[in-house]
Amino acid sequence: MVLLIVLCCLNNGYSAFADLYESNYSRLDFEPTFSPLNANSIFNPNNSLNLNEFVFGIRSVSRFYNTINDSSHLYFNGYGWVSPFGKEVKWKTEKTIGNDSLYYLVNELYFDYVYSPSIYWLCGQKREAWGNGILWNPANVIDPQILYDRPIEAQKGRIMVRNEQSYDWGSRDIYLMPVFLNSEGSLFPSGVDLAFKITGMLNDLEINVGGVQTCLTNNGVRKTSALGVWMSRVYPNNLTFTADYRCAFLSPYLYPSDDDLNENIKRKDQLSNSVLLGLSLRVPYKNITIRGEYFYNGWGYTLQERQNFINGFNKMNNTQNYSNYQKWLDVYEPYLLSQNYLGFSFLYSDILGIYDWQFQTAYGIDDQSVVCFNNLNVHLNDKIDLYNRIMINGGKNEYSEFKQQIYNSQFAIGISFYLI
Amino acid sequence: MKKSILTAYVFMFCLLLPAVSAEDNAGRIVGQADKNFSNGSFIFYTDFIVCRPGEKDINYSMKNYIKGKDKMLIIFTAPPRVQDQALLRKGDDQWIYFPDIKKTMKISGRQQLLGSDFLYGDILSLDLSNGYKASIVDDTAEVNGDICYKINLSSTSLTALYDKVTYYIRKDDYAPIKREFYTKSGIKLKTLILNNHDIDHIPRRWEMFSALQKGSSTIMLIKSIKKKDIPDNYFSLEYLRRGR
């Protein structure tokens, strides 16, 4: 990053870029949030994390985008949380794993530099949004987001150096991203993810291919080898078809040698394939978008495997051996546990621009579990929005995946200030 | 025998000639009118006002980058909640970029723009000389005191935005004056009035009236135009995604 800033100071780069986007943007959100917790969650077996019965707090997202000079910008996106009832989160073994009363995270902080019309550099922490999916995004192999990462714009990005080269046919990106897993508390990365992305058009079809490979790792550290392909096509009758695909090798890190988590061990050296198919309809002359998605999750378990897995957790809880549990959370949390899902999204923007309403639901076909998200944004004026987010989990039985989440439901009312 | 065949050919040629040349002529007039939108490389700074009966007007501002017939990039600059949203047209493909979720989505030109009376395609594809078959139905039609060609356009391509368009083009200088948009069955959808033409015959005020929602209209005002050689790279997905 220092090198890029020095480069920027020495050379004004290609100055046309600043003409494109507005020079400054700043926004601040405050969101009081209430979430009753689920005592039977597999993410908190038998309340091993020793949490309250509910979480209440105020989260805040602050963002600004600033022009440094004609060819470079600085972007910041930070996330703060303060909870009057929060406390240290500990295992029953007294190991502290966090604090839910007060914290601040930098989600994104990056600097970009346009060297020439066809060469672009970016350095810092940035969230990458590969793929077409709305509810799931399997093709995002470098920065996976899960169903529960809402709001998506407040999620943590990855540290990277990125170079983009444009061609007549499309573009090619190369990423270098340090990996910090399994190196708790260390400032030095335990490895490097090397990634690429290629975007091009083939007749009417937009095709993207992206891949990542972990290299320069220490022994025993997670290794990722994954490839994502995503494409979209628009038809004249306002229908958009999208297809996303991911294939990935499960890495040694994903199989902690712990018999209690034996369902993982069986999966060693398997190749997993995931597919997301989507169909969107924008209703003509109305501000309504309807989208249906089918997701086959190659990482997922069959029902029997999942029950074995949960039994493994229970054993782990009985012996109070949580050595691999945190690893499991770190690595598996971004991935859902079932195999087949259906999703539905409905977005309505009021014709007068006063409010937007978004409803999303995901249905787990294998275990009849359901999760619903409802967002309502009211635009009070040009500077202030009010919004409401509701999330409700449900399922047919105690093994239903969405019913096993740590939150039963979540309710938030927020206010956004556009400062510039 | 040879003579009678030759006579038949000449007769058929004479029958076809006026029809072919009339169609060519109509196409040429439409091409001439739309050349004003697509001749060169410009940056437009525009205000976009959505008017609904009994409601407060909604104002947007945007920058439009235009190069030739098939490249356009529109970036919203106000209000802040849509700031840096962008629309791109490159050839027949069109995308929208949402900076908050950092996603580009491929779109159809037939989708409605920001709840207005314009479709994306109405401002991304200004040129009606492609995808339609043109025929002059009146060459002395009067619109607000201007004598105009009245030209009917019927779609010949699945990607055309409308099934039928009636286009009024001023006879004196080929300035575009009015467009009426219809469904295949002839139901009028809306009317676009183009006025305040500048020295290059570019209309500075575009007003779209809905025929289906009484009193509903959207005004696009071109505040300033800057001629500038815009690099081709601007009109690419990569540039679109470089926003925050």
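Colleague: Which strand of chain A is I198(A) found in?
Modeller: I198(A) is in strand β10 of chain A, where helices (H or I, at least four residues) and strands (E, at least two) are DSSP runs, numbered from the N terminus. This is a predicted model, in which local features need pLDDT of at least 70 and side-chain atom pairs count only at pLDDT 80 or more, while totals for chains, interfaces and linings use all residues. Residues are numbered from 1 along each chain as its sequence is written, chains are lettered from A and ligands numbered from 1 in the order in which they are written, and side-chain values use heavy atoms, with hydrogens and water left out.

Colleague: Is I198(A) buried, exposed or partly exposed?
Modeller: I198(A) has 34% relative accessibility, so this residue counts as partly exposed. Buried means under 20% relative accessible area, exposed means over 50%, and partly exposed is in between (1.4 Å probe, protein chains only).

Colleague: Which residues form the nonpolar patch with I198(A)?
Modeller: The surface patch is formed by V161(A), Y167(A), W169(A), I174(A), L176(A), L194(A), F196(A), I198(A) and L227(A), which together have about 730 Å² of accessible area. Two or more residues of the patch come from each of β9 (170-179) and β10 (191-202) of chain A, and β10(A) gives the largest share, three residues. Patches are made of residues with over 30% relative accessible area and no salt bridge, with like charges joined within 9 Å and nonpolar side chains (Val, Leu, Ile, Met, Phe, Trp, Tyr) within 5 Å. The areas come from the Shrake-Rupley method with a 1.4 Å probe, and for residues only the protein chains shown count as cover.

Colleague: And D173(A), is that one buried or exposed?
Modeller: D173(A), which lies in strand β9 of chain A, has a relative accessible area of 1% and is therefore buried. Its side chain is joined to that of R162(A) by a polar contact of 2.8 Å; such a contact is a pair of N or O atoms within 3.5 Å, where within protein one must be able to donate a hydrogen and the other to accept it, and residues adjacent in sequence count only if both atoms are side-chain atoms.

Colleague: What does R162(A) meet in a salt bridge?
Modeller: The side chain of R162(A) meets that of E128(A), at 3.4 Å from N to O. R162(A) is in strand β8 (residues 158-166) and E128(A) in the loop between β7 (119-126) and β8 of chain A, so the pair ties together parts that are 34 residues apart in sequence. A salt bridge is a side-chain nitrogen of Lys or Arg within 4 Å of a carboxyl oxygen of Asp or Glu. Side chains of opposite charge can pair when their charged atoms come close.

Colleague: How many salt bridges are there over all chains?
Modeller: A search of the whole structure finds 28. In chain B, R170(B) forms one with D173(B), with the closest N and O atoms 2.8 Å apart, and both of these residues are buried. Elsewhere, salt bridges that share partners join K126(A), E128(A), R162(A), E164(A) and D173(A) into one network.

Colleague: What does the charged end of K126(A) sit over?
Modeller: The charged end of K126(A) sits over the ring of Y110(A), 5.7 Å from its centre. A charge sits over a ring if NZ of Lys or CZ of Arg is within 6 Å of the ring centre and within 35 degrees of the ring normal. In chain B, K178(B) lies over the face of Y168(B), at 4.9 Å from the ring centre.

Colleague: Changing topic, how many aromatic pairs are there over all chains?
Modeller: There are 21 aromatic pairs over all chains, where rings of Phe, Tyr and Trp (its six-membered ring) pair if their centres lie within 6.5 Å, and planes under 30 degrees apart count as stacked, over 60 as edge-to-face and the rest as tilted. Among them is the stacked pair of Y341(A) and F402(A), at 6.1 Å centre to centre with 25° between the planes. Y341(A) lies in strand β16 (residues 340-349) and F402(A) in the loop between β19 (384-395) and β20 (409-418) of chain A, so the pair ties together parts that are 61 residues apart in sequence. Y341(A) and F402(A) are both buried.

Colleague: Which residues do ring pairs link into a cluster?
Modeller: The cluster holds W136(A), F295(A), Y341(A) and F402(A).

Colleague: How many helices and strands has chain B?
Modeller: Chain B has three helices and 13 strands, and 53% of its 244 residues count as buried.
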